[in-house]
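Biologist: Please go through this model with me. I will ask what each term rests on.

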Amino acid sequence: QVQLVESGGGLVQAGGSLRLSCAASGSIFSINAMGWYRQAPGKQRELVAVITSGGNTNYVDSVKGRFTISRDNAKNTVYLQMNSLKPEDTAVYYCNAAVVTTMDRYLEVWGQGTLVTVSS
């Protein structure tokens, strides 16, 4: 079994910064892509940023230049540094990972979500 535990959400004023963390634990052999999604009230969940095991990254246009995704493979942890936050960034942020388990199973795992609220 594999779990993702997120931390770092909270309330911040517009223009401020937050750093989200997501640590994977359990029967992990390796982790391929890791990513952050978000879901605002009344909207569909969207991909915010993704990073491959090799460090290649991709971002949704609305966060390019403001958010940075990174990972520490030794710690099975992915980060999302969010700068110049805007009220429209308010959402529940979910961590996602494509995991190969020690039993050679492929799993897509989700975190429980962490709320980010940006006040104007």
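Modeller: The protein exposes about 6,400 Å², and carbon and sulfur atoms supply 48% of it. Accessible areas come from the Shrake-Rupley method with a 1.4 Å probe; for residues, only the protein chains shown count as cover. This is a predicted model: local features need pLDDT of at least 70, side-chain atom pairs count only at pLDDT 80 or more, and totals for chains, interfaces and linings use all residues. Residues are numbered from 1 along each chain as its sequence is written, and side-chain values use heavy atoms, with hydrogens and water left out.

Biologist: What makes up the secondary structure of the protein?

Modeller: There are 0 helices and 11 strands. Helices (H or I, at least four residues) and strands (E, at least two) are DSSP runs, numbered from the N terminus.

Biologist: Why is the protein called as compact as a globular protein of that length?

Modeller: The globule rule is 2.2 Å times the number of residues to the power 0.38, and the radius of gyration is taken over C-alpha atoms. For 120 residues the rule gives 14 Å and the radius of gyration of the protein is 14 Å, so the protein is as compact as a globular protein of that length. Its C-alpha atoms fill a box of roughly 50 × 25 × 20 Å along the principal axes.

Biologist: Why does Leu20 count as buried?

Modeller: Buried means under 20% relative accessible area, exposed over 50%, partly exposed in between (1.4 Å probe, protein chains only). Leu20 has 0% relative accessibility, so it counts as buried. Of the 120 residues of the protein, 40% count as buried.

Biologist: Where is Leu20 found, and what is it in contact with?

Modeller: Leu20 is in strand S3 (residues 18-26). Contact means heavy atoms within 4.5 Å. Leaving aside neighbours within four places in sequence, the contacts of Leu20 include Trp36, Val78, Leu80, Tyr93 and Val116. The C-alpha atoms of Leu20 and Tyr93, 73 residues apart along the chain, are separated by 8.7 Å.

Biologist: Why does Arg66 count as buried?

Modeller: Its relative accessibility is 11%, so Arg66 counts as buried. Arg66 lies in the loop between strand S6 (57-59) and strand S7 (67-72).

Biologist: What makes the pairing of Arg66 and Asp89 a polar contact?

Modeller: A polar contact is a pair of N or O atoms within 3.5 Å; within protein, one must be able to donate a hydrogen and the other to accept it, and residues adjacent in sequence count only if both atoms are side-chain atoms. The side chains of Arg66 and Asp89 make such a contact at 2.7 Å.
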